[in-house]
Amino acid sequence: MKNPFEAYKKIYRRFANLIIVALMTIPFCLLWDGKLNGLMDRQFLGKGNLLIIFSYVLFIFVFMQLWGGFKLGYQKLVNLVLSQILAVICINILTYIQVILMIGTIDYLWNIACWMILLMAVNSVCCLLASSLFINIYVKLFPAYKVLQINGDYENYLSQKIRDRDDKYQISEEISVYEPWEKLLDMMAKYDTILLNDIPSAYKNKILKYCFDNSIRVYFTPKISDIIVKGTEVINLFDSPLLLCKNIGLNFEQRLIKRCMDLVISGLGIILTSPIMLLTAVCIKCNDGGPVFYKQDRCTLNGKVFTIYKFRSMIVDAEKDGKIRPATEDDDRITKVGKIIRKTRVDELPQLINILKGEMSFVGPRPERTEHIEKYCKEIPEFSYRLKMKGGLTGYAQVYGRYNTTAYDKLKMDLLYIVNYSVIMDIQIIFETVKILFKKESTEGFTALQIQELRENE
């Protein structure tokens, strides 16, 4: 049975987000009118005050969008509030700088800083309370979808992953796509939501048309060809629609902008994190006396091989037998210092040097080991498509996947980035990268079952 409130889901989200924006704006208005405006040589009046308030609201919308603070009903409460708090910090730091510049003196630096810290605390509490309330209402108005999962041949962990979000989806029944069509029709007629789990294209097309005709919501795992088509351009030269896949990677302007961003970010990153890198190097050396850096050959754009730099987080000769052993949870090869720098991602900082040299980009598909490329390309010929873009320190698969996400799923996510590339997407991924530092699942090692499967496939 269809949820009578389903049609109002977007309206509810927008209303809730507007309330959150209002709750964040009101404390600033009180602070501006009661304290900050009085520090000006000539106080703002009328339109001047409105302009200041408008700029603060603009900051809210920009940073909440970048951090994902508006994804109510999509993210769990913890992740949503984390996104909002990170947005609040950026908003108020930028506002602090703006106020100091308008006043034109450093006499009130400490006073204004204290008021802005108080404002950040108030905003964070408002976001927490409002989001908790709105999510509780959301769950009652829009309960989890009862899902029929239609399976193909490929065995994966999709069902297990979906069960982790039982607040949004509940798989009620499963059926094979190879069952008689009449049986599939009877099953689909009982559901408003269907999940197609990696089924052949011919079956998928038939089911999609049926669901479109009967207004049934459909989720499906995309094939590689489905992702490639997402980057198409619509051509309207004739009375027959055409879709154009250029398949050339980045154009000259995009490469130039991306390289300029890499130079600026890597240069600033090396300067700002140099104390952290120096401290890390000393700790690694003092821990076991071994080398500070770990070097490894990786593949990047067009299959070019380069040497990647990382802080060593494992014991010396962790793979002395020559066999590849992916890191597992509670891996005994990881040193005491290694556990800390892996959790905080500090071990990745030396790659800023690779970015400065032009061997990597800040955002892009994660460069794989040469032996992994050979292995994965044998199993998944399309895996080489990732080499259409320069490897990155962070990327789509890193922020939306996990450390132990399968190679095939990482390929799909990286292709989504490649075919839909934009500077805005790069900026979004950079912001999302900061958030994953606070998520345990992003650094999880491979499970024993996954390690066994990897060894069986060697």
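This is a predicted model: local features need pLDDT of at least 70, side-chain atom pairs count only at pLDDT 80 or more; totals for chains, interfaces and linings use all residues.
**Figure 1. The whole protein, before zooming in.** The protein has 16 helices and 10 strands. Here helices (H or I, at least four residues) and strands (E, at least two) are DSSP runs, numbered from the N terminus. Along its principal axes, the C-alpha trace spans about 80 × 65 × 50 Å. Of the 458 residues, 43% count as buried. Buried means under 20% relative accessible area, exposed means over 50%, and partly exposed is in between (1.4 Å probe, protein chains only).

**Figure 2. Helices α1 and α4, side by side.** Two packed helices are described by the angle between their axes and the distance between the axes. For α1 and helix α4 (residues 109–141), the angle is about 160° and the axes are 10 Å apart. Those axes are lines fitted to C-alpha atoms, for helices over the stretch in contact, and angles run from 0 to 180 degrees between N-to-C directions. So α1 and α4 are roughly antiparallel to each other. (The cut-offs: under 35 degrees is roughly parallel, over 145 roughly antiparallel, 65 to 115 roughly perpendicular, and the rest oblique.) The crossing of α1 and α4 is right-handed, and that word has a rule too: a crossing is left-handed if the near helix is turned anticlockwise from the far one by less than a right angle, and right-handed if clockwise. Sorted by class, the contact of α1 with α4 has 23 nonpolar, 2 polar and 3 charged residues. Ala, Val, Leu, Ile, Met, Phe, Trp, Tyr, Cys and Pro count as nonpolar, Asp, Glu, Lys and Arg as charged, and the others, Gly among them, as polar.

**Figure 3. Rings that meet.** Rings of Phe, Tyr and Trp (its six-membered ring) pair if their centres lie within 6.5 Å; planes under 30 degrees apart count as stacked, over 60 as edge-to-face and the rest as tilted. By this rule the count comes to 17 aromatic pairs. Take Trp32 and Phe44: their ring centres are 5.9 Å apart and their planes sit at 80°, so the pair is edge-to-face. This pair links distant parts of the chain, with Trp32 in helix α1 (residues 9–36) and Phe44 in the loop between α1 and α2 (47–67), 12 residues apart. Trp32 is buried at 2% relative accessibility, whereas Phe44 is partly exposed at 22%. Tyr417 and Tyr421 are also edge-to-face, at 5.8 Å centre to centre with 85° between the planes. Tyr417 is buried, with a relative accessible area of 1%, and Tyr421 is buried as well, at 8%. Elsewhere, Tyr12, Phe134, Tyr138 and Phe142 form one aromatic cluster.

**Figure 4. A lysine over a tryptophan.** Lys206 lies over the face of Trp181, at 4.3 Å from the ring centre. A charge sits over a ring if NZ of Lys or CZ of Arg is within 6 Å of the ring centre and within 35 degrees of the ring normal.

Figure 5. Asp198 lies in the loop between β3 (193–197) and α7 (201–213). Its phi is near 55°, a positive value in a residue other than glycine. Ser215 sits in the loop between α7 and β4 (217–220), and its phi is near 55°.

Figure 6. Asp262 belongs to helix α9 (residues 252–288) and is buried, with a relative accessible area of 5%. Asp262 and Gly358 are 96 residues apart in sequence and 8.2 Å apart in space, C-alpha to C-alpha. Lys336 is in helix α10 (residues 336–343) and is exposed, with a relative accessible area of 71%.

**Figure 7. Gly364 in its loop.** Gly364 lies in the loop between β9 (361–363) and α12 (370–379). At 1% relative accessibility, Gly364 counts as buried. The C-alpha atoms of Gly364 and Gln170 are separated by 34 Å, and the two residues are 194 apart along the chain.

Methods:
Residues are numbered from 1 along each chain as its sequence is written. Side-chain values use heavy atoms; hydrogens and water are left out.
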